[in-house]
Amino acid sequence: MHYLITIAILEVLELAFSYRTRKGLLPILENINFKVNGMEFVSIIGPSGCGKSTLLRIIAGLEKPLKGKVILMGEEVREPSPKISMIFQDLALFPWLTALENVELALLHKKLPKNLRKQIARKWLELVGLAGFEDYYPGELSGGMRQRVAIARALAADPIVLLMDEPFRGLDSITAEGLRYEIHNLIFNEESSVKSVVMVSHNLEEVVELSDRVIILGGRPAKVIADVRIDLPRPRTPRDQEFQDYLDKLYTLLSSSRLG
Amino acid sequence: MLDAILTAFIASLLTFARVFLTILIAIIVGLVLSCIVVRSRILETIFLTCVSIFESIPVITFFPVILIIFISNLPGGLGVELAALFLIFTAVAWNIWIAQYESLKSLPKSFEELSKMFNLSFLQKFIKIYIPATIPRTVSNVMISFAVGLFYITVSEVVTISTTTYNVFGIGSYIYNLVVAGKYMESILSMIILLTLVLLITQIFFKSLITWSQKFTYQHYPEARLRRWRFRFPRTYTSPRMSISSIVMNRLTRTLSLNKAKFRKKKLHPHLLRLLKISITLMLIIVPLILYTPYLNIDIFLQNLHLIINDLSRNFIKYFYLLLIDLGRVSIIVLISLVSSTLIVYLMATKPKVEKALLPIIEVLASIPVPAYLPMIAVLMMISLGKILGLRLVLELIVLTSAYLSTAWYVLYNMYSGVKNLPREFWYVCKINKLTFYHKIRKLLIPGAMPAIVTGLISTVGGAWGGLQISEYLIIQDKVYSVPGLVALLSHYITLGDTIRVLSASSVLIIFVIILSIFVWRRLLNSTRSKYRIESSMLY
C-alpha cells in the first residue's frame, strides 16, 4: 500500500437522494461516503440507472441532496460554481456558438476584457489540439473534435474538480481510444488548475485505463459497495495481464452489485 | 338578471358552436386534402405554397371585402353569418391542415408496407391508419384554433354597414350590444359567464381530449432525452405556425445542407418549383375573380373599378400615411411582445415556482378572446386615465393594449416551447459558469429559442393587425372613439356604408400587407431561421 501524504480535495459525506414520484419518495442513493484526494482520478461505476449521474450532479451542486453534503476544500458546496466544472454526457455545446465562443462561456464570469477573454479561450482550444478550428460551429466538427471543445470549455473555467459523465460514450472506439490516451495529460496539464477528476462510466476498460481509484455503486437504493485502487504505471494498455486482472475484478464486483 | 345570465349562456354556446363547426369542417377537409396531397410531389408543392401564403396574410385585412361580397350577394342575415363563418375558417384551418399533412408525411413507411401486406383497402387504411395517425397533432391544434376562432368570431358577430347593423346572435354581439347600451352590470356578468365556459372547455374538455389523443402518439425517434421534464403545453399546441415554417425550413435546409445529394432525387427541379409557386400565387388571385364574375354586372363592375381607381388616385397619400401609422403600431406591439415574452420566459425557465404559478394563468388569459372584454377595458381606461392623459392618448393606449393582448401570446408560447425544448444541460452549463442574467439571455435563451421566436413572429404580426381591427374604432353608447389609422378609417367607411372607399382603402391595406408578409417578413424569417436552425439541427 502507498502511504502518501494526501489532502482530500473533495469529500462526499452521508449523501442520500430520493426522487419525488406520485407514490412518494423513491430512494436512489443512500449513505454515500468517499473522499477524492489531490491529483487523483476517480471513477464511479455501477448498474444502469443506479444514480451515478445523479451523484455527479449533486457533487456539482446542480441537484440538492436529501441528506448529507459535498465538501470542496473544506467548504460545503451549496450551489454550482466554476470551481467544479463538468463535461456532460451529450457535451451541451451551444450549437449557435462557435468553438471559441463556447469556450468563452466558461470565462464570462471573470469579467475580463474581451480581447483577453478571446486570447485565453484560444489558448485552451490550442491545448486540446483544435488550433484553427476556433470559428467552426459544433455542428461542423467531428465527434472527437466536439469532445475536445467540451474539454477545453470545462478546463477554461479553472476548476478544482472536473466531473465527467460518460465522456466517451458518443465516440467510435478508435477516436475514443486516441482521446483517452491524451486526456490524462490534458487534464493534469501544467496550465490546468484541476486537482481531482470524478468520472462516471460504463466502459470498464476506460475506467481501468484512466482511474487511480474506482468506486462501485450497487443495490437499491445505491450504496458504495467497493472502492478499488488501480495500481498500474501509466501509460496503461489492455494487453497487460495486470490490466486484465483489474478488469476481471471490476466485472466480478459489478456483477455482485447487481444482485445486491 | 336571470334573463341576462341565461341569454349570455345561450349566446356563448352558439358562438362556441360556430367555432367548433368551422373547426370540424376544417378537420374533415384537411384530412381528405392531406391524404391526397402526400401522394404527389406536385400536389404537395401546390398545397404547401397555398397554405403558406394564406397563413402569412392576416385574415382580418380581407374582412371588409369578404363582408361586402357576402352581404351584397346573399340575403341579410345569411350573408353576415356566412361571412363570419368564412372568416373563422380562414383563421382556424391552416394550422390544422399542416398538422394533418405532417402527421401523414411522417408516418413510418412500415405502416404503408404493412397495409399492403394485409391487403387493406383505402377506406380501411383511412380508418385504421390515417385518421389515428393525425389525431394527436390535430387535437392539440384544435386548441389553438379554438382560441383564434373565438377571437375572430366575436369580432365578426357585429357589423354595421351604413345605418343597418347586422347582428349575428352570439356572445360577442351580445356583450357588444350591452356595452353600447350602457348596461355594464349585465355585460360584466356575461363576460364572467363566457370566461367560465372558456375555462371549462379549455381546462376540462381540451385537457381530457389531449390525454385521450396521447394514446395515438407514435414515437418516430427516441426523444426521451428531451422529454425528461414535464410539459404543460402539449408539444404541438404551441407551434401552429412553427409547423408550416419548419416545412419551409426543411426545404431551405435541403438546398443548403451538406448532404444535398440525398434529397435531390426526390425534389422537383428548382426552376420548375419556382415557376409552380409563382403560377399558384397568380391562380390564387385570378381564380376567385373568375368564379365571381358570373355574379357580376360588368358595367357596374367597370364603373365601380373606375370609381375605386379615382378614389385611390385622390386619396392614396392619405391611405398610405394612415397605413404607415398602423405599421408603426404593429412594430411597437411586436417589439413590446418580444421584450416582455423574453423576460417572462426567462423567469419561467429559471424559476420552477414562477413557472408553476404563471402557466395556468397564461393559459387561461390567452384563451379568453380580447374582443369580449375590450369594451370593458376601454371604458375603465377612459374613466381612470382620461382626465390625466387626455382622450387622444388614452385611445392610443387602448389600441396598443388591445393589440398587445391579442398577440403577445403567440411569441410567448413559441418562445416558451422553444426554451423548454433546450436540453437541461445547457442551463447547467450556465449555472456552473455563473453566467449573468444578460449573458443567459444573450447566449442561451434568445439564440436557443430563435427558430421558435421567428416562426411565432408571423402569427404575432397577424394578431397585431387583428388587435388594431377591434380597437381603433370603438362605438360606445352611440359615440365613436377612434384613432388615426387605416384600419380605423376602414371601419369608419364600413359604418358609413361607403362601399367604394372600403374597397379602395382595403386594396391599399391588402396589397401592402401581402407585400410585407411575402417579401419582407418571410425573407427575414427564412434568413434568421437558416442561421439558427441549421447549426442546431446538425448537432444532434
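How many bridges join strand β4 (residues 67-72) of chain A to β5(A), and in which sense do the two strands run? The points below answer this and then proceed through the rest of the structure, which is a predicted model.

1. **The pairing of β4 and β5 in chain A.** Two bridges join β4(A) to β5(A), and the two strands run antiparallel. Within this pairing, A:Leu72 has A:Glu75 of β5(A) as its bridge partner.

2. **The partners of β1 in chain A.** Strand β1 (residues 8-21) of chain A pairs with β2(A) in the antiparallel sense over 10 bridges, and a hairpin of two residues connects β1(A) to β2(A). Here A:Ser18 stands opposite A:Pro27 of β2(A). β1(A) also pairs with β4(A), again in the antiparallel sense, over five bridges. In that pairing, the bridge partner of A:Ala16 is A:Lys67 in β4(A).

3. **A residue of β2 in chain A.** A:Ile28 is found in strand β2 of chain A. A:Ile28 counts as partly exposed because it has 18 C-beta neighbours inside 10 Å, whereas a buried residue requires 20 or more. Leaving aside residues up to four places away in sequence, A:Ile28 touches A:Phe17, A:Ser18, A:Tyr19, A:Gly51, A:Thr54, A:Pro221 and A:Ala222. Of these, A:Gly51 is 23 residues apart from A:Ile28 in sequence, yet the two C-alpha atoms are 6.1 Å apart in space.

4. **A parallel pair in chain A.** Strand β6 (residues 84-87) of chain A pairs with strand β7 (residues 161-165) of chain A in the parallel sense over four bridges. A:Ile84 stands opposite A:Val161 in β7(A). In a regular strand, side chains alternate between the two faces of the sheet. In β6(A) both faces are covered: A:Ile84 and A:Met86 are buried on one side, and A:Ser85 and A:Ile87 are buried on the other.

5. **The nonpolar core.** The largest nonpolar core has 195 residues, and those with the most contacts inside it are A:Ile59, A:Val103, A:Ala152, A:Leu163, A:Val198 and B:Leu486. Helix α15 (residues 391-420) of chain B contributes the largest share of this core, 16 residues. Apart from residues up to four places away in sequence, A:Leu163 touches A:Leu56, A:Ile59, A:Ala60, A:Ile84, A:Met86 and A:Val198.

6. **Chain B as a whole.** The secondary structure of chain B comprises 19 helices and four strands. Of its 540 residues, 41% count as buried.

7. **Helix α8 of chain B.** Helix α8 (residues 184-214) of chain B has 31 residues and reaches 43 Å from its first C-alpha to its last, close to the 45 Å expected.

8. **The contact between the chains.** In total, 19 residues of chain B are in contact with 22 residues of chain A. On the side of chain B that touches chain A, α16 (424-432), α17 (437-471) and α19 (499-539) of chain B each supply at least two residues. α16(B) gives the most, with six residues. The residues of this side of chain B divide into 11 nonpolar, three polar and five charged.

9. **Backbone features to inspect.** Most residues other than glycine have a negative phi, and most peptide bonds are trans. The peptide bond from A:Arg220 to A:Pro221 is cis, with omega near -5 degrees, and A:Pro221 lies in the loop between β9 (213-218) and β10 (223-229) of chain A. The bond from A:Arg234 to A:Pro235 is cis as well, with omega near -5 degrees. A:Glu14, in strand β1 of chain A, has a positive phi near 50 degrees. B:Asn119 has a positive phi of about 60 degrees and lies in the loop between α5 (109-117) and α6 (122-156) of chain B. B:Asn119 is exposed, because 7 other C-beta atoms lie within 10 Å.

Definitions and conventions
Residues numbered from 1 in each chain as written. Chains lettered and ligands numbered in written order. Predicted model: local features only at pLDDT ≥ 70, side-chain atom pairs only at ≥ 80, totals over all residues. Contact = placed C-beta atoms within 7 Å. Nonpolar A, V, L, I, M, F, W, Y, C, P; charged D, E, K, R; others polar. Core = buried A, V, L, I, M, F, W, Y, C linked by C-beta atoms within 7 Å. Buried ≥ 20, exposed ≤ 12 C-beta atoms within 10 Å, placed from the backbone. Pairing = 2+ DSSP bridges. Expected span 1.5 Å × (residues − 1).
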